[in-house]
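Here's a quick tour of a protein fold for someone just starting out. Have the sequence and the 3D view open while you read.

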Amino acid sequence: MQTRFNRQRREVAWVDDKKKLHLVPWESFKAWVSSASTVGDSVAYRSALFGMGPPAYDDPHGFIGVWRMPCGVEISGIMQWECIRSFMELGPEHIPDVDQSQREPKLHYQKRQALRIQGEWGAWIKRVIADWFMGR
């Protein structure tokens, strides 16, 4: 669903599937992070889901609209909500900067070199043989 967070009016607006516009106060908006463990024959992993939405007017346990986004781990979902909350309550200047040009150039070059070496067949074969001898 298309969503707009309006700081000046302190409200959240979105259009549902029926093309109806909804406006709810920011203070009533709720968010949560749920996690699940999956165990199979050969794999076990955890996944997390970040959800948010306004509560229904007539049902205290229901929601008008719900947004769910996979976020990998719980802390990622919490960080997403903190960015939205910081924008709405403190302003856009309090959102962390994600400018990629602020990276350390030497560190970036070293990472690229390591990835390039890992991509070569000779280094890969050496790694497989070393892992086999070490029992990994």
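What follows covers the sheet, the helix, the cysteines and the salt bridges.

Keep in mind that this is a predicted model, where local features need pLDDT of at least 70, side-chain atom pairs count only at pLDDT 80 or more, and totals for chains, interfaces and linings use all residues. Residues are numbered from 1 along each chain as its sequence is written, and side-chain values use heavy atoms, with hydrogens and water left out.

**The sheet**

- Look for an open sheet of 3 strands, in the order β4-β5-β6, with antiparallel pairing. Strands here are DSSP runs of E with at least two residues, numbered from the N terminus, and two strands pair if DSSP finds at least two bridges between them.
- Which strands stand at the edges? They're β4 (30–39) and β6 (67–70); each has a single partner strand, so one side of each is left without a neighbour in the sheet.
- Neighbouring strands of this sheet are turned by 25° against each other on average, direction ignored. For angles, the axes are lines fitted to C-alpha atoms (for helices, over the stretch in contact), and values run from 0 to 180 degrees between N-to-C directions.
- Strand β4 is joined to β5 (residues 44–53) by 10 bridges, and the two run antiparallel.

- Helix α1 covers residues 74–89 and lies across β4 and β5, at about 20° to β5. A helix here is a DSSP run of H or I with at least four residues, and contact means heavy atoms within 4.5 Å.

**The cysteines**

- How many disulfides does a search of the whole structure find? The count is 0, where a disulfide means a pair of cysteine sulfur atoms within 2.5 Å.
- Is Cys-71 buried or exposed? Cys-71 is buried, with a relative accessible area of 12%, while Cys-83 is partly exposed at 32%. Buried means under 20% relative accessible area, exposed means over 50%, and partly exposed is in between (1.4 Å probe, protein chains only).

**The salt bridges**

- The structure holds 5 salt bridges, each being a side-chain nitrogen of Lys or Arg within 4 Å of a carboxyl oxygen of Asp or Glu.
- One of them pairs Arg-10 with Glu-27 (2.9 Å, N to O). This pair links distant parts of the chain, 17 residues apart: Arg-10 is in the loop between β1 (3–6) and β2 (11–15), and Glu-27 is in the loop between β3 (21–25) and β4.
- Arg-10 is partly exposed at 31% relative accessible area, whereas Glu-27 counts as exposed at 51%.
- In helix α1, Arg-85 and Glu-82 are 3 residues apart, so about one helical turn separates them; their side chains meet in a salt bridge (2.8 Å, N to O).
- Arg-85 also meets Glu-89 in a salt bridge (2.9 Å, N to O), and these two lie 4 residues apart in helix α1, about one turn of the helix.
- Put together, Glu-82, Arg-85 and Glu-89 are linked in a network of salt bridges. Relative accessibility is 34% for Glu-82, 24% for Arg-85 and 40% for Glu-89.
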